[in-house]
Every structure is written in C-alpha cells, then in structure tokens.
Amino acid sequence: MNITLLRRFVAVAEELHFPRAAEALGIPLASLYSSIEKLETEIGQPLVTRHGETRLTKVGTLFLEEARREIAAAPPPAEKPAAKAGGKAKASKGKGRAPIVKGQPKPYKKRQGR
C-alpha cells in the first residue's frame, strides 16, 4: 500500500471533513477524494461514509489503527530541495550591438546608396 494514501486517509479520519483535511495536507480536494477512493478500491470496502456527515465505517475504524502503525514504521518523507536564490537566467543574445558613437553611422544599419 502507498504511504501517501495512508497519510491522506489518516488526515481525513482525524478531521472527519474532506475540505479541512485537504487544506491541512496542502493538496486539492479532488486529489484527496480520488486518493480515498483508490484506497477503498484496494481494500475492497468503503472506509468513509460521505452521505451527510463524514464518518468512518467499521472497516475504516479498524483500518485507521493499521494505517497509523504503517505510517509510524515507514521512513520519513524526503524533503523537497530548496529553490536556488536568484531569478530566472536570461537568454544569451550573442555579442550584442556595438555602442553608438556620435557622428558615426549606426553600425547595425546599412548605409543607403545613392
């Protein structure tokens, strides 16, 4: 079983409210719903009732203890690397134009013939 799915299930079980659990996890609500459905498909039993109030089923209550044990036994999640300081690098534009000198023709324009 996927540890991420278990963590999401435990968050829903503790909050008993899908939007608050999604906010606490920092994920979209639709992603949380699909994760719980995927977990229920793997187990073959509904874990949460969604009619009216959100509640755990009997299977969900039993599975919550097992999920907490598996999460505790799993290694901690890897931290995301911090973004480097600074902005996006600008694309190189080659050598660039020569500076304009007063009294000289512009170097990037052709002289018009007579």
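Residues are numbered from 1 along each chain as its sequence is written. Because the model is predicted, local features need pLDDT of at least 70 and side-chain atom pairs count only at pLDDT 80 or more, while totals for chains, interfaces and linings use all residues, and side-chain values use heavy atoms, with hydrogens and water left out.

**Overall layout**

The chain contains 4 helices and 2 strands, where helices (H or I, at least four residues) and strands (E, at least two) are DSSP runs numbered from the N terminus. Read from the N terminus, the order of elements is α-α-α-β-β-α. Of the 114 residues in the chain, 23% are buried; buried means under 20% relative accessible area, exposed over 50%, and partly exposed in between, with a 1.4 Å probe and protein chains only. Among contacts with a separation of 6 or more, 48% join residues 24 or more positions apart, a contact being heavy atoms within 4.5 Å.

**Helix contacts**

Two packed helices are described by the angle between their axes and the distance between the axes. The axes are lines fitted to C-alpha atoms, for helices over the stretch in contact, and angles run from 0 to 180 degrees between N-to-C directions.

Helix 1 (residues 3-15) and helix 2 (residues 18-25) have axes that come within 8 Å and cross at roughly 130°. That angle makes helix 1 oblique to helix 2; angles under 35 degrees count as roughly parallel, over 145 as roughly antiparallel, 65 to 115 as roughly perpendicular and the rest as oblique. From helix 1, Arg8, Ala11, Val12 and Glu15 make the contact, and from helix 2, Phe18, Arg20, Ala21 and Leu25. By class these are 5 nonpolar, no polar and 3 charged residues. Ala, Val, Leu, Ile, Met, Phe, Trp, Tyr, Cys and Pro count as nonpolar, Asp, Glu, Lys and Arg as charged, and the others, Gly among them, as polar.

Helix 1 also meets helix 3, with axes that come within 9 Å and cross at roughly 110°. Helix 1 is therefore roughly perpendicular to helix 3. Leu5, Leu6, Arg8, Phe9 and Val12 of helix 1 touch Ser31, Leu32, Ser35, Ile36, Lys38, Leu39 and Glu42 of helix 3. This contact divides into 7 nonpolar, 2 polar and 3 charged residues.

**Salt bridges**

Side chains of opposite charge can pair when their charged atoms come close. The structure holds 4 salt bridges, each a side-chain nitrogen of Lys or Arg within 4 Å of a carboxyl oxygen of Asp or Glu. The table gives some of them.

| Pair | N to O distance |
|---|---|
| Glu14 and Arg68 | 3.4 Å |
| Arg50 and Glu40 | 3.3 Å |
| Arg55 and Glu53 | 3.8 Å |

In the salt bridge of Glu14 with Arg68, Glu14 lies in helix 1 and Arg68 in helix 4 (residues 58-73), so the pair ties together parts 54 residues apart in sequence. Glu14 is exposed at 52% relative accessible area, and Arg68 is partly exposed at 41%.

In the salt bridge of Arg50 with Glu40, Arg50 sits in the loop between strand 1 (48-49) and strand 2 (55-56) and Glu40 in helix 3 (residues 29-43), so the pair ties together parts 10 residues apart in sequence. Arg50 is partly exposed at 32%, whereas Glu40 is buried at 12%. Glu53, the partner of Arg55, is exposed at 56%.
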